[in-house]
Every structure is written in structure tokens, then in C-alpha cells.
Amino acid sequence: MKKLLAICLLLSSCSSNEFKQKGLDKWNGEWVAENGEEQFLETWQPLHTTEMSGYGALVLSGDTVFSEHIRLISENGDIFYVVSTKENNNVPVRFKLTTSNATKWVFENPSHDFPTKITYKLETENALTAIVEGPDKKGTQNFTLQFKRK
């Protein structure tokens with residue numbers, strides 16, 4: 001009876017994993033976007049059913065010139081992309097998942113200066129595109145990172 005109860009609890013916790021339901025578990029692993037001597041690295045791993053941990057770094061000619069700690073967290077039925085960087089005094093900035101399907105996820109925070117929107121698209125099992133956008137003095141600024149799984 002105890003084994004049956006344990007199996008039921010395990011199955012119910014797995015089926016309630018919002019990240020898996022939203023397809024975000026496909027981000028697990030190491031990703032790299034290269035452009036000449038620039039490399040942007042992103043690593044994702046699940047912590048438990050309500051949180052994933054990520055780390056991003058921009059490496060230029062072998063030196064890390066930018067890094068960020070990222071978390072995906074599930075709170076009260078919503079999913080948030082939470083970023084902390086030195087440039088923002090390590091104050092976490094939250095972006096709410098506003099749109100998603102099996103291969104596209106849009107996170108938004110209209111009150112943040114830049115970015116206000118981060119979109120991820122899973123092109124193939126081993127190709128993930130990130131589009132970062134928001135306002136600037138001339139209108140809208142954006143950049144795209146085309147990651148390949150390491």
C-alpha cells in the first residue's frame with residue numbers, strides 16, 4: 001500500500017509540473033550562440049517542479065564581459081522569468097509568461113526600461129532563438145541570439 005501511495009504521489013507531482021506542460025523542460029542543458037569572437041552561453045537545469053535555474057554569459061575573446069543569473073519560477077499559476085545582473089545591482093527583474101505554446105514562450109515586463117519583452121522559440125530540438133526587445137530613444141531596440149545545443 002505504501003508503494004502504491006508513493007507511486008501515485010510521484011505521478012501526480014510529475015503531471016503538475018507546469019514547466020513540462022508548457023514545454024519549458026526542452027530548455028534543459030547547455031546552449032551557445034556564436035558571432036565571430038563573441039559567444040553567448042546559456043545553461044538551464046530543473047531544480048524542482050516549480051523552479052528552473054539558468055545562467056547566461058557573454059564571452060568576448062575568452063573574457064566574460066557580462067553574466068546573468070536566471071530563474072524560471074511558478075507562482076500561483078503564473079510562470080516568471082527572473083533575471084539578476086551586476087548592471088542592475090543584482091536586483092531581480094521579473095518577466096511574466098504572457099504567451100506560450102509547445103515551441104514559443106513570450107515573457108513581458110512593460111515597466112522595465114530594457115528589455116520589456118523576451119521571446120524564446122525552439123526551432124528544432126537543438127536550436128533555440130532568443131529575441132530581446134524594448135524601447136530606446138529612437139523607438140524599439142532588439143537583438144536576436146541563435147543558440148545551438150552544446
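Hi everyone, let's start with the parts list: this protein has 2 helices and 10 strands. Helices (H or I, at least four residues) and strands (E, at least two) are DSSP runs, numbered from the N terminus. Reading from that end, the elements go α-α-β-β-β-β-β-β-β-β-β-β.

A word on where this comes from. It is a predicted model, where local features need pLDDT of at least 70 and side-chain atom pairs count only at pLDDT 80 or more, while totals for chains, interfaces and linings use all residues. Residues are numbered from 1 along each chain as its sequence is written, and side-chain values use heavy atoms, with hydrogens and water left out.

So, what do the 10 strands close into? They make a barrel, in the order β1-β2-β3-β4-β5-β6-β7-β8-β9-β10, with antiparallel pairing. Two strands count as paired if DSSP finds at least two bridges between them. From one strand to the next, the twist averages 25°; axes here are lines fitted to C-alpha atoms, for helices over the stretch in contact, and angles run from 0 to 180 degrees between N-to-C directions.

Let's walk along part of that barrel. Strand β2 (residues 38–48) and strand β3 (residues 51–60) run antiparallel and are joined by 10 bridges. They form a hairpin with 2 residues between them, and glutamate 42 stands opposite glycine 56 in β3. Moving on, β3 pairs with strand β4 (residues 63–75), again antiparallel, over 10 bridges. Here methionine 52 has leucine 72 in β4 as its bridge partner. β3 and β4 also form a hairpin with 2 residues between them, and in that turn serine 61 has a positive phi of about 50°.

Further along, β8 and strand β9 (residues 127–136) pair in the antiparallel sense over 7 bridges. Look for lysine 117, which stands opposite glutamate 133 in β9.

Now to the rings. How many aromatic pairs does a search of the whole structure find? The search finds 9. For the rule, rings of Phe, Tyr and Trp (its six-membered ring) pair if their centres lie within 6.5 Å; planes under 30 degrees apart count as stacked, over 60 as edge-to-face and the rest as tilted.

Take tryptophan 27 and tryptophan 105: their ring centres are 5.5 Å apart and their planes stand at 90°, so this pair is edge-to-face. It links distant parts of the chain, 78 residues apart, with tryptophan 27 in the loop between α2 (18–21) and β1 (29–35) and tryptophan 105 in strand β7 (residues 104–108). Both of these tryptophans are buried, where buried means under 20% relative accessible area, exposed over 50%, and partly exposed in between (1.4 Å probe, protein chains only).

Tryptophan 27 also pairs with tyrosine 120: the centres are 4.2 Å apart with planes at 35°, so this one is tilted. Again distant parts of the chain are linked, since tyrosine 120 sits in strand β8 (residues 117–124), 93 residues from tryptophan 27. Tyrosine 120 is buried too, as is tryptophan 27.

Zooming out, Trp27, Trp44, Tyr81, Phe95, Trp105, Phe107 and Tyr120 form one aromatic cluster. And one more ring to look at: arginine 94 lies over the face of phenylalanine 80, at 4.1 Å from the ring centre. That label needs NZ of Lys or CZ of Arg within 6 Å of the ring centre and within 35 degrees of the ring normal.

Last, a whole-protein number: of the 150 residues, 35% count as buried. Thanks, everyone!
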